[in-house]
Amino acid sequence: MSGHPGNRGEHVVGEHVVIVGASLTGLHAAEALRGGGFAGRVTLVGAEPHPPYDRPSLSKRVLAGRMSADSTGLPQRQDLDAHWRLGNAAVALDRDTKTLTLDDGTALGFDKLLIATGTRARRWPDTAEAALTGVLSIRTRDDALELQARLAARPRRVLVIGAGFVGSEVASVCRELDLDVTVVERSAAPLAGALGQWAGAAAGRLQRGHGVDLRTETSVLALEGDADGRLRRVRLSDGDVLDVDVAVVALGAVRNVEWLAGSGLAIDARGVQCDPFCRAVDTDGRPCDDILVAGDVACWPHPLYEGLLAVEHWDNAVRQARVAATTILHGAVRAHTALPTFWSNQFGVNIKVVGVPGRADQVAVLQGSVERAAFVAAYGRGGRIIGALAVNTPRALDAYAEMISSRMSFPPDLNAADAPDPIRVLDLAVPAAG
Amino acid sequence: MRVMVDLARCQSYGQCVFAAPEIFEISGREVLEYDSAPSDEWRLHLERARAACPVQAITIGPAAGPGKDDGQPSTVRPAADSMGVLR
Amino acid sequence: MSKSTGVDSRPVSVSDVSTPRAELFARVLDPASRANPYPIYAALRSEPVSRQSDGTWVVSGFDEIAALLHDPRISSDLRNAGQPAGGQSLIMQDPPNHDRLRAAVMGRFTPEVVESLRQGVHDLVAGLLDAAGPGTRLDLVEEIAYPLPVSVICKLLGIPPQDEARFHGWADTLARTLDLDPTMSREEQDAIDHAFTELHHYLENLVADRAEHRGDDLVSGLLTGGDHGEPLRGEELLITVRLLLIAGHETTVNLITNGMLTLLRHPDILERFRHEPDLVVPMVEELVRYEPSVQFRYRAALADIEIAGTTIPRGSVVVLLLAAGSRDPGHFTDPDRFVPDRLPNEHFGFGGGIHYCIGAPLARMEAQIVLPELVRRLVNPRLTMDPPPYRPTAALRGPRHLWVEVDGVRP
Ligand SMILES: Cc1cc2nc3c(=O)[nH]c(=O)nc-3n(C[C@H](O)[C@H](O)[C@H](O)COP(=O)(O)OP(=O)(O)OC[C@H]3O[C@@H](n4cnc5c(N)ncnc54)[C@H](O)[C@@H]3O)c2cc1C
Ligand code: HEM
Ligand code: SF4
């Protein structure tokens, strides 16, 4: 249970930092504050009843039943001496009085606020269909627990709606469990949004090679249930009707920003806008010294990329949390300029990505071979390298991060010993800048 | 005791697998998997794994969250003192 | 700037002689610098990528080394820099051939294989220390550090005990081939060629024998192949086995010797270690950071590489000065201080990237067994000569002898 503000006699002096969102970002920010010598009060407010846990394993080992949801709790590096309010959502922010309102009516004052409320799974748009038993998404521990139980009950067929990373990982687990799975993707290939058409096509071959019934350029017309409200069938745009007991809605994430309505902060679908030091920006474009943003809920200007960047990756959450803590402790001295980077494991393959391949206009394999499922592909935009994808070559990526940071021209002349001969540069459909 | 590997840093060197095969495993060619809540009996092995990781991607510590000492003065030794669990 | 510590007060400091930056690496190679090359490294680090007058490029900053260890424009095959072929072993090769050979070894060099050697290492250490008593003066190199790793590798490879002595001789001679040493004499070269031929014949027979009678040793394993590695045959197998012998020998000798030397120079830490033997776990990492067996590795640039405000031209010889990176104050607090439980400790002691040391788990296990035993059994050990005499090679750096006086050897 969360304690009471009153029992903290030894820390009445000093500032009070309130962190809203008790997950990866919140935990790492609290650690970084204490690690940086912060001696004031720290309060973590989290809507979920659980202390911080590891989301990435939810769609991987937990789903596969190889790890219990209870084991996902994250370790803490050091004593946080924090005050936890779990199971409490923040519902309003008043910047003038520096007060939060929680869903139980508590008013919580702060000196500094860190907004780390992340995202939630996008729901299936048809509310009646979304309410059918067996229609699920996967963002939280409780989601994963339920889906794992349903997979363990060996459904006739699993439907995965959306072939992004989470959807593809769910499909991978289904195949690992030897379950029939249909993946429906509106675009031409899985992972295409993040990695472009070319890598998406390769991912599609990987999925099909593992027995996934992958249907691209296809959409779900209707989810149909029985009299008891249980999902039974799916109607697809290709005319097929499939018997399914479980549908996993993997259509991406929505930022948890509604509670900030009326706060005067600059917010849109990409999240809460902040400056490179994680200071929230108000609707007049001014950074607020006392309100910070980090993790999946944030968007900010990155020196290497046009517009605002919103990154939903583990690594970014951790790094941005540390920058936010630095700003709280020392002011605007350390900018968040880390390159986006993330990993995914699916179908026995290690995928690592650095930069923003989704914005590229060209791609080229520079090392290894796609056929042998071990390669590095670099992505370019406007003649500069902006991203790289390493498949089963996790030791290669650091060098590419370096090339991206130094804005090397694309394709870079590497003369790598394991370069394909010839190196073929492929054009990609140019996505709009963020 | 909880373990977390920063898989964005991890380069699948597999040194942790040598140090603590009870906890870490390379599955497939390059995919690291691990038991994030291992039993205390593997503590020394876990320390070996953390020390051996070439990119220092392994964090060990008590589960985060409100403990019985929530709101009380520090009782948990900072993990930065690597020998804390060995003493 | 490096902090002044006990180490810096020993001979060879750059401040006493003003060496032009482009000559600094020549001073690293000079045997006179062997006892304490670190001030030269610190001087080099002020320009982390530095062209030397002989045309080599010395990389001494942590970030720059880390980047180049992973860079596809960097080759381990020195023919790409106009150097003679360094041999065909995987340590001198690039992908995809390197990866294939490495996968073959890794497929059989498993945690179980390393673990199966643990008791043997304990027994060997006990035997060596038993043999060292009851005198009051011993050479830790000759009597402990030198015999151990070869015996362990012989066990790994399944070499019959009666043949081990010959391996000691070969390993000794061939250790020098890991270095690109321009000062090597004709006689030394002949001795190396001779050892190569002998070892080659021996291994040929061994492999032929194992091909007939598979055992659970590594040679049999390599012949059979593993999960993700194909079987090795013929010349490739011989060369790979030879590499394991060479790469795992002097490196481990130096780790043990540098370990004891460092502990004897830090009596307070030695005392703490005596009561806290598990300190050895992080301490081994700190040892290979602070006094690394492998000080630097040579590479070739396959393309122009822009780094740290300069460009290493294609075809250059590149020196990755691992030992300098592991003491970069930009990456480590108090880098010149020996902190046995340093955390985090992301060092280059075992290299990094695709050539990361294959034998590191074995080397760690050996050191984690031998160091606590030495400290437990040697009664009141004292250095009799500091600095001790060093072997000539700069890349594989370690004492030739490490004489200590003891009041006795505990059972
Ligand atoms: C299934 C899955 C798999 C993933 N796999 C990978 C992967 O392989 N690689 C990778 O790099 N990344 C992966 N990620 C992404 C990674 O988990 C996120 O980037 C990370 O969790 C972001 O952390 P965060 O703390 O910013 O946000 P979140 O983890 O979303 O946490 C936000 C927290 O805030 C709480 N909250 C929301 N609103 C309120 C409120 N009003 N008041 C109080 N609390 C509130 C929420 O309940 C939640 O607990 C994955 C994510 C998921 C869901
Ligand atoms: C303390 C002991 C040891 C140290 C400090 C050490 C250090 C190193 C270093 C720095 C490298 C990288 C070389 C490069 O990048 O060019 C390396 C590679 C290698 N080491 Fe070790 N080593 C040790 C023990 C061993 C042992 C015991 C073995 C074998 C049983 C071994 C086998 C190898 C092999 C085969 C390689 C080449 C790997 C490759 O090229 O992919 N080493 N070692
Ligand atoms: S030792 Fe470190 S880098 Fe290697 S697999 Fe384990 S966690 Fe990953």
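A polar contact is a pair of N or O atoms within 3.5 Å. Keep that cut-off at hand, and remember that this is a predicted model.

**Exercise 1. Explore the surroundings of ligand 1 and find which polar atoms lie beside its oxygen atoms.**

Step 1. Start with the neighbours. There are 34 residues around ligand 1, and those that come nearest are Thr25(A), Glu48(A), Arg55(A), Lys60(A) and Arg139(A).

Step 2. Look at the side chains. In Arg55(A), a polar side-chain atom is 2.6 Å from an oxygen atom of ligand 1. The side chain of Glu48(A) also has an N or O atom 2.6 Å from an oxygen atom of this ligand.

Step 3. Now check the backbone. A polar backbone atom of Thr119(A) lies 3.4 Å from an oxygen atom of ligand 1.

**Exercise 2. Describe where ligand 2 sits and which atoms of chain C it meets.**

Step 1. List the neighbours. Ligand 2 is surrounded by 25 residues, the closest being His98(C), Arg102(C), Arg297(C), His355(C) and Cys357(C).

Step 2. Go through the distances. For His98(C), a side-chain N or O atom is 2.6 Å from an oxygen atom of the ligand. For Arg297(C), the corresponding distance from a side-chain N or O atom to a ligand oxygen is 2.7 Å. With Ala247(C), it is a backbone N or O atom that lies 3.5 Å from a nitrogen atom of ligand 2.

**Exercise 3. Describe the interface of chain C and chain A.**

Step 1. Count the partners: 13 residues of chain C touch 15 residues of chain A.

Step 2. Consider the area. The two chains bury about 1,100 Å² between them, and 61% of it is on carbon and sulfur atoms. On the chain C side, His70(C), Pro72(C) and Arg73(C) supply 46% of the area buried against chain A, more than any other three residues.

Step 3. Classify the chain C side: seven nonpolar, two polar and four charged residues touch chain A.

Step 4. Look for pairings across the interface. The rule finds zero salt bridges, but one residue pair is in polar contact.

Definitions and conventions:
Residues numbered from 1 in each chain as written. Chains lettered and ligands numbered in written order. Predicted model: local features only at pLDDT ≥ 70, side-chain atom pairs only at ≥ 80, totals over all residues. Heavy atoms only, no water. Contact = heavy atoms within 4.5 Å. Buried area = accessible area lost by both parts, 1.4 Å probe. Salt bridge = Lys/Arg side-chain N within 4 Å of Asp/Glu carboxyl O. Polar contact = N/O pair within 3.5 Å; in protein donor to acceptor, adjacent residues only side chain to side chain. Nonpolar A, V, L, I, M, F, W, Y, C, P; charged D, E, K, R; others polar. Near = heavy atom within 4 Å. 1 Å grid on protein atoms, 1.4 Å probe; cavity = no way out; pocket = protein on both sides within 12 Å on 5 of 7 lines; lining within 4 Å. Sits in = over half its atoms within 2 Å of the grid points.
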